[in-house]
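Me: I have a structure open and want to learn how to read it. Can you take me through some features, one at a time?

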Amino acid sequence: MKYEGFGMTQATLIATLFLLLRAPFSATGATWATAGGELSATTPVYTLRLDAVTGAPHVLLLRGKRALTFGKDGWWKLTLADGKTVRAADANVALKRTHDDLQIDWTAPQGDVALTVHCGEREIELRATVRAGENAVVGVTIPSQLDFDPVHLVRISFPFELGRALLPPFFQRQKGESL
């Protein structure tokens with residue numbers, strides 16, 4: 001998701017991204033484990049794999065199959081008033097895990113970002129608070145990059161845009177469209 005504003009110095013984006021996954025299972029929350037440099041949150045529906053040190057997302061598996069992959073920028077990218085960008089991968093990071101949540105705090109001279117990754121039964125919810133540093137933040141992209149096969153998604157919802165959801169056909173080739 002990309003959020004653009006008129007120059008914020010501090011904002012809490014309770015911009016919740018729900019990745020509702022097509023699966024008939026029921027779960028009570030995620031089980032967390034660390035192995036091979038990765039931190040993973042697993043339910044009967046999905047597994048989210050992250051870098052164990054930085055919290056950077058790697059991949060989301062749906063019933064053991066790759067459903068989403070993430071870019072190398074990390075969870076977020078900020079656009080500053082002067083046109084420069086700051087990536088999660090460029091900031092200092094601290095991780096803290098509690099039950100179904102992972103709290104990731106980044107600090108950089110250009111701004112701080114606090115992100116909560118909540119791993120629920122069938123969804124992953126992201127909540128971010130952004131504090132600008134030397135320059136106003138005019139745009140926030142969370143997640144920074146996301147690649148997926150629409151077959152595995154029910155919809156991508158935009159909570160601040162009431163009623164807006166993108167369904168799988170939106171991401172498929174449209175009639176008359178060329179690659």
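Reply: Start with a loop. Pro143 sits in the loop between β15 (137-141) and β16 (146-148). Strands (E, at least two residues) and helices (H or I, at least four) are DSSP runs, numbered from the N terminus. This is a predicted model, in which local features need pLDDT of at least 70, side-chain atom pairs count only at pLDDT 80 or more, and totals for chains, interfaces and linings use all residues. Residues are numbered from 1 along each chain as its sequence is written, and side-chain values use heavy atoms, with hydrogens and water left out.

Me: Is the peptide bond from Ile142 to Pro143 cis or trans?

Reply: Most peptide bonds are trans, and most residues other than glycine have a negative phi. The bond from Ile142 to Pro143 is cis, with omega near -15°.

Me: Which residue other than glycine has a positive phi?

Reply: Arg63 is one, with phi near 50°. Arg63 lies in the loop between β7 (57-62) and β8.

Me: Is Arg63 buried, partly exposed or exposed?

Reply: Read the relative accessible area. Buried means under 20%, exposed means over 50%, and partly exposed is in between (1.4 Å probe, protein chains only). Arg63 has 47%, so this residue is partly exposed. Across the chain of 179 residues, 43% count as buried.

Me: How many helices and strands does the chain have?

Reply: The chain has 0 helices and 18 strands.

Me: How many aromatic pairs does the structure hold?

Reply: Rings of Phe, Tyr and Trp (its six-membered ring) pair if their centres lie within 6.5 Å. Planes under 30 degrees apart count as stacked, over 60 as edge-to-face, and the rest as tilted. The structure holds 2 pairs. One of them joins Trp76 and Trp106, edge-to-face, at 5.6 Å centre to centre with 80° between the planes. The pair links distant parts of the chain, 30 residues apart. Trp76 is in the loop between β8 (65-70) and β9 (77-80), and Trp106 is in strand β12 (residues 101-108).

Me: Are Trp76 and Trp106 buried or exposed?

Reply: Trp76 has a relative accessible area of 1%, so Trp76 is buried. Trp106 is also buried, at 3%.

Me: What share of contacts joins residues at least 24 apart?

Reply: Contact means heavy atoms within 4.5 Å. Among contacts in the chain between residues at least 6 apart in sequence, 51% join residues at least 24 apart.
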